[in-house]
Amino acid sequence: MWEEFLDKVDKILFNMGLNGTDIPFFRGHSNCEWSLLPSLYRLDYNEKKRRKLEKILYYDFLAYSGAILAKDLSSWEVLFEMRHAGIPTRLLDWTENFGVALYFALKDNSKNPCIWILDPFKLNKKAINGEVIQDPKSDFKYNYYQMYMLDREKVSEMPVAIYPAKQCARIFAQKGVFTLQGSVGEPLENIYPDCVTRVDLPSGALSEAKRFLNLAGINEYTVFPDTDGLARYLIERHCM
């Protein structure tokens, strides 16, 4: 079953390659019923209340993180830090690394995991008529603060694939990339179903998938390269 799962993934990537996609995005879900929707949009809020909360969270994060974060972060980098701290944002996490996505799919003793595969070039062609994955610091007219705190012109009403600089330790370790949700609150698989594919991991393949991660050296510490991640890795390795 593990080999069949890998064959399905390989065929999807092969077809993407034929269309010129050399950087697929992966996302692992421990529950295949979960939608591709950023945490800010999972809240049962209307758009007005959601936008108000987004501003409150951004300003409060800046106010309370002064002693923790570097002083020269751009507003995009602040947003990336917020996302990796678990704060609701309009970002949906993806990775360039299939193994990292598989790791998240298998977290928390999942019973029905899956891997989502996104063609970011096809997505951006549809969303903004763009040919490349967008670098928010250089490709967007306005920064995050200007667009979403000051309500200037937005990039798109639809989700857009973005490729951040890997300055955050977690983004670097996880080979992190994102989709940036616009004002449309629908899941990505509903908006652009031909841009994403879900591959379910059969229950009979779970042991082989975990063995693959072990052989590849992908664990809690490699994915979360800080003292918390190290502690969780050591506890899992020696105390469980």
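Reply: The chain holds 13 helices and six strands, where helices (H or I, at least four residues) and strands (E, at least two) are DSSP runs numbered from the N terminus. This is a predicted model, in which local features need pLDDT of at least 70, side-chain atom pairs count only at pLDDT 80 or more, and totals for chains, interfaces and linings use all residues. Residues are numbered from 1 along each chain as its sequence is written, and side-chain values use heavy atoms, with hydrogens and water left out.

Me: What percentage of the residues count as buried?
Reply: Buried means under 20% relative accessible area (1.4 Å probe, protein chains only). Of the 240 residues of the chain, the buried share is 47%.

Me: Which helix gives the largest share of the lining of the largest cavity?
Reply: A cavity is a set of points on a 1 Å grid over the protein atoms alone where a 1.4 Å probe fits but cannot get out, and lining residues have an atom within 4 Å of a point. Ten residues line the largest cavity, with Phe-80, Pro-136, Lys-137, Pro-164 and Ala-165 nearest its centre. Two or more lining residues come from each of helix H4 (75-84) and helix H7 (136-139). The largest share, three residues, comes from H4.

Definitions and conventions. On a 1 Å grid over the protein atoms alone, a cavity is a set of points where a 1.4 Å probe fits but cannot get out, and a pocket is an open set with protein on both sides within 12 Å along at least five of seven lines; lining residues have an atom within 4 Å of a point. Buried means under 20% relative accessible area, exposed over 50%, partly exposed in between (1.4 Å probe, protein chains only).
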